[in-house]
Amino acid sequence: MKFKEAPIPKRFYWLVLNTLGFQKAKWESQFRSGYWDQDERSSRTVKLVESLCRGGKIVEFGCGTGTLPGSLAPGTFSHYHGIDRSKEAIRRARANVQMPYVSFECCQMQDWQPSPASLILAEECLYYLTTEEQRAFLAKCLLAIGSTGAIAVMVHSAKRHRRTVETFKECVPKCEMSPFGHRFLMIGRA
Ligand SMILES: C[S@@+](CC[C@H](N)C(=O)[O-])C[C@H]1O[C@@H](n2cnc3c(N)ncnc32)[C@H](O)[C@@H]1O
């Protein structure tokens, strides 16, 4: 995800919030300031989602302001459900995207109640969870995708997010891992 430049005092404020454990306040402040504003998703992500979903239901975690559904080719999904922990992100997503079969929800990955999905996407957000939370989240994802769906997780660095990569390997029975441009992609199936 691209982000806008922010003044140093603001970045310092976010760092302090993050360090003190006020992640929710940090995300809300960042979305309110426009730090995460983006017009479209990377073409690589769009192509991947189109190839994995093929007309089924997508659940996207860390959906931000909802840029994905409008970027996808018609027929990619029967339903898109975007989930993010930031109220401000979801407020903007709902205001920006008025498409049929698209919905948004303010919820943390940790609190999500799984429901059937063809594709679960978690781009640049799984590493915000602790290892225990990741394990519990991935177990819910496997339940949701059943025997036919897929989970796609992207991280900007496999080295920096080794903990997340190792947890994915440990929890997901069939997993493929590959570079994804300058980032790293994990695809899992039950
Ligand atoms: C780095 S941004 C990535 C946004 C988008 N997925 C992308 O790659 O362009 C991380 C997003 O995850 C959301 N997020 C962080 N922790 C979360 C959690 N525990 N549950 C749900 N969303 C979370 C943030 O609010 C933010 O929108």
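Visitor: Let's start in the sheet. Which residue stands opposite valine 59 in β2?
Guide: Histidine 81 is the one facing valine 59 there. Bear in mind that this is a predicted model.

Visitor: How many bridges join β1 to β4?
Guide: There are 4, and those two strands run parallel. If you want another pair to click on, glutamate 60 stands opposite leucine 121 in β4.

Visitor: Staying with β4, how many of its residues are buried?
Guide: 5 of 5, so to speak a mostly covered strand. Both faces are covered. Leu119, Leu121 and Glu123 are buried on one side, with Ile120 and Ala122 buried on the other.

Visitor: Which way do β4 and β5 run, and how many bridges join them?
Guide: Parallel, with 5 bridges joining strand β4, residues 119–123, to β5. The chain gets from β4 to β5 through helix α6, residues 131–145, and this β-α-β crossover is right-handed.

Visitor: OK, on to β5. How many of its residues are buried?
Guide: 6 of its 6, and the strand is mostly covered. On one side you have Ala150, Ala152 and Met154, on the other Ile151, Val153 and Val155, and all are buried.

Visitor: Let me pick isoleucine 151. Why does it count as buried?
Guide: Isoleucine 151 has 27 C-beta neighbours inside 10 Å, and a residue is called buried at 20 or more. It lies in strand β5, residues 150–155.

Visitor: What is isoleucine 151 in contact with, leaving aside neighbours within four places in sequence?
Guide: The contacts are Ile120, Cys141, Ile145, Val172 and Gly188. Glycine 188 in β7 is also the residue that stands opposite isoleucine 151.

Visitor: In which sense do β5 and β7 pair?
Guide: Antiparallel, over 5 bridges, with strand β7 covering residues 183–189.

Visitor: One quick distance. How many Å separate the C-alpha atoms of isoleucine 151 and glutamine 110?
Guide: 16 Å, and the two are 41 residues apart along the chain.

Visitor: Changing topic to the helices. Which residues of α2 are buried?
Guide: Trp27, Gln30 and Phe31 are the buried ones in helix α2, which spans residues 23–33. They sit on the same side of α2, because they cover an arc of only 95° around the axis.

Visitor: What covers those buried residues of α2?
Guide: The cover includes α1 (8–19) and α5 (87–96).

Visitor: And α5, which of its residues are buried?
Guide: Ala89, Ile90, Arg92 and Ala93. Their arc around the axis is only 160°, which means they are on the same side of α5. What covers them includes α2, β2 (77–84) and β3 (102–106). And as I said, α5 is among what covers the buried residues of α2.

Visitor: Last topic, then. Into which domains is the protein divided?
Guide: Domain 1 is 1–37 and domain 2 is 43–189. Their centres, taken over C-alpha atoms, are separated by 22 Å.

Conventions: Residues numbered from 1 in each chain as written. Predicted model: local features only at pLDDT ≥ 70, side-chain atom pairs only at ≥ 80, totals over all residues. Buried ≥ 20, exposed ≤ 12 C-beta atoms within 10 Å, placed from the backbone. Arc of directions from axis to C-beta. Contact = placed C-beta atoms within 7 Å. Domains from an automatic or database assignment. Pairing = 2+ DSSP bridges. Right-handed = clockwise from strand over helix to strand, strands pointing away.
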